[in-house]
Amino acid sequence: MNVSSIEQPKPTEFKNIFSFFLTALLGASINFISQIFYRNYFDYATSVLWGYLTATVLTFIPTKLFAFSAAKTGNTGREIVKFLFIALVALVVQVYVSKYTLEWFANPLFPKAPELWREKGSHVVGMGMSFMANYFGHKLLTFRSTGMYDKIRLRSQREKEKV
């Protein structure tokens, strides 16, 4: 079998994933630590929500500059809107996966483990699923020109001309 004929992933794809992983690690650290702080004031699901929102706000610029090398796109406004949309989807993923992992797995399987450990373990599972949603969402939508904005703008111009 000639393995050289098998299409190999491009080296830039590994670089992109690794760069995104590093910026996501920054976001995950902010998320993880701030959730512990927020847990002093809110219930578990709400503290996960606030931790995620804190990390989202603080990681847009590093994600744009380093993970997707989109510093000079000139589309920062549109990217922010798309970034927030993808972040919202990934937020829902993280909150619900964290919540249900805690309810359905961590609490029933590890009832004697400290509550903080069960909560943080469930939070890490939710963060992992959120990482996947964020990566693919940002790769396929946020930092890529989809042409959607141009189509909307063109349609808007046509409607103005009709009036």
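The largest share of the lining of the largest pocket, 9 residues, comes from α1. This is a predicted model, in which local features need pLDDT of at least 70, side-chain atom pairs count only at pLDDT 80 or more, and totals for chains, interfaces and linings use all residues. Residues are numbered from 1 along each chain as its sequence is written, and side-chain values use heavy atoms, with hydrogens and water left out. Helices (DSSP runs of H or I, at least four residues) are numbered from the N terminus.

**The largest pocket**

- The largest pocket has a volume of about 420 Å³.
- A pocket here is an open set of points on a 1 Å grid over the protein atoms alone, where a 1.4 Å probe fits, with protein on both sides within 12 Å along at least five of seven lines.
- The volume is the space filled by probe spheres set on the points.
- At least two lining residues come from each of α1 (11-39), α2, α3 (76-109) and α4.
- By class, the lining has 11 nonpolar, 12 polar and no charged residues.
- Ala, Val, Leu, Ile, Met, Phe, Trp, Tyr, Cys and Pro count as nonpolar, Asp, Glu, Lys and Arg as charged, and the others, Gly among them, as polar.

**α2 against α4**

- Helix α2 (residues 44-67) packs on helix α4 (residues 115-142) at about 45 degrees, with the axes 12 Å apart.
- That angle makes α2 oblique to α4; oblique covers what is left after under 35 degrees (roughly parallel), over 145 (roughly antiparallel) and 65 to 115 (roughly perpendicular).
- Axes are lines fitted to C-alpha atoms, for helices over the stretch in contact, and angles run from 0 to 180 degrees between N-to-C directions.
- Y44, V48 and Y52 of α2 meet E119, S122, H123, S130 and N134 of α4 (contact means heavy atoms within 4.5 Å).

**The packing of α3**

- The axes of α3 and α4 come within 7 Å and cross at roughly 155 degrees.
- α3 and α4 are therefore roughly antiparallel to each other.
- Their contact has 14 nonpolar, 12 polar and 4 charged residues.
- α2 and α3 pack at about 150 degrees, with axes 9 Å apart.
- The crossing of α2 and α3 is right-handed.

Note on methods:
On a 1 Å grid over the protein atoms alone, a cavity is a set of points where a 1.4 Å probe fits but cannot get out, and a pocket is an open set with protein on both sides within 12 Å along at least five of seven lines; lining residues have an atom within 4 Å of a point. A crossing is left-handed if the near helix is turned anticlockwise from the far one by less than a right angle, and right-handed if clockwise.
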